[in-house]
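Hi everyone, thanks for coming. Today I'd like to walk you through a ligand and the residues around it. Have a look at this first.

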Amino acid sequence: MSSTAPLSEKSPENLTAYVNGDFVALENATVHIEDRGFQFADGVYEVVACIHGHFLDLGPHLDRLQRSCAAIDVAMPCARAQLEELIAETWQRNPFDDAMIYIQITRGAAPRAHLAPDTLTPTLIITSRELPRPSDEKLACGASGITLEDFRWKRCDIKSIALLASIMGKQEAHRQAADEAFWTDADGHVLEGSSTNILAVIDGKLVTHPLDHQVLGGITRSMTLDLARKAGIAVEERPWTLDESGLSECMLTSTTNAVLPVCSMNGKAVGNGKPGPLTGKLRQLMLAAMEDLRRT
Ligand code: PDD
């Protein structure tokens, strides 16, 4: 089926991916078995939402991608304007009304050795799929979380494809019938989720861990903080714990969830156990920003 097939007929069999210079059927899209992404997780990635053909905060996502590449000393595979064109074309070939664009850059392919030759050509892949959304049930009742003491590395600010710890966190959350595992430091400060940031409402203020090596600077996190400030809600970026008095709400943020209430943690209710008013307001503000994009 051609790439112009109606969206309703788009399925994994007829999606198109960008791989190292070519657009190919997703099912035939491959990279070398000695790609360093495959052998060493030597790469970085981004996930960007696209609403009716308009990318949500593409600039900050590409800034973060550039920072991640610079941090691991991998050159961007092409100029930024060209990358933007490739991203747009990937969406045009898989034009879901609400799409999730995945961009991955690895150091490239070479015979396996920890120290890579500095002559490698980076691998670039881009896909566009339907943007997953939280279920109505999750929106109505909130997500559930567990906490785990952080056993990841000390550069969580890099959006690395080395996600084994995150997968183990998600598996443990699933075993405990929860939706997300949230990492805590040795003093019990809540850092972020396996694939999300987390914010709390404490004494009416929106509180979240400051940006450092223990958290990814989520694009949705910054959007949420901006929306809160504009709405006159006080924001504090500081370490916080779940047992602080005055904690009434928790919410997670990510590209695929926007703002989602977290109503239980380790089997105990957060606040009154129901999605809270500030979370609801911030989610509405975020959805309104997305709808504005749809109308542009
Ligand atoms: N995850 N923290 C971690 C560890 C993440 O993996 C993510 C995103 C976030 C939220 O970032 P953003 O708001 O920019 O999506 C925070 C993506 C969506 C993923 O791995 O699929």
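Let's start with Thr 255: one of its polar side-chain atoms lies 2.6 Å from an oxygen atom of the ligand, where a polar contact means a pair of N or O atoms within 3.5 Å. Another ligand oxygen-to-side-chain distance is that of Thr 220, with an N or O atom 2.5 Å from an oxygen atom of the ligand. For Glu 192, a side-chain N or O atom is 2.7 Å from a nitrogen atom of the ligand.

A quick word on the source: this is a predicted model, where local features need pLDDT of at least 70, side-chain atom pairs count only at pLDDT 80 or more, and totals for chains, interfaces and linings use all residues. Residues are numbered from 1 along each chain as its sequence is written, and side-chain values use heavy atoms, with hydrogens and water left out.

How many residues surround the ligand? There are 17, and Tyr 45 and Ile 219 are among the closest; to count, a residue needs a heavy atom within 4 Å.

Finally, where does the ligand lie? Domain 1 (10-130) and domain 2 (136-295), with bounds from an automatic or database domain assignment, both give residues to the shell, so the ligand lies between them.

Key
Polar contact = N/O pair within 3.5 Å; in protein donor to acceptor, adjacent residues only side chain to side chain.
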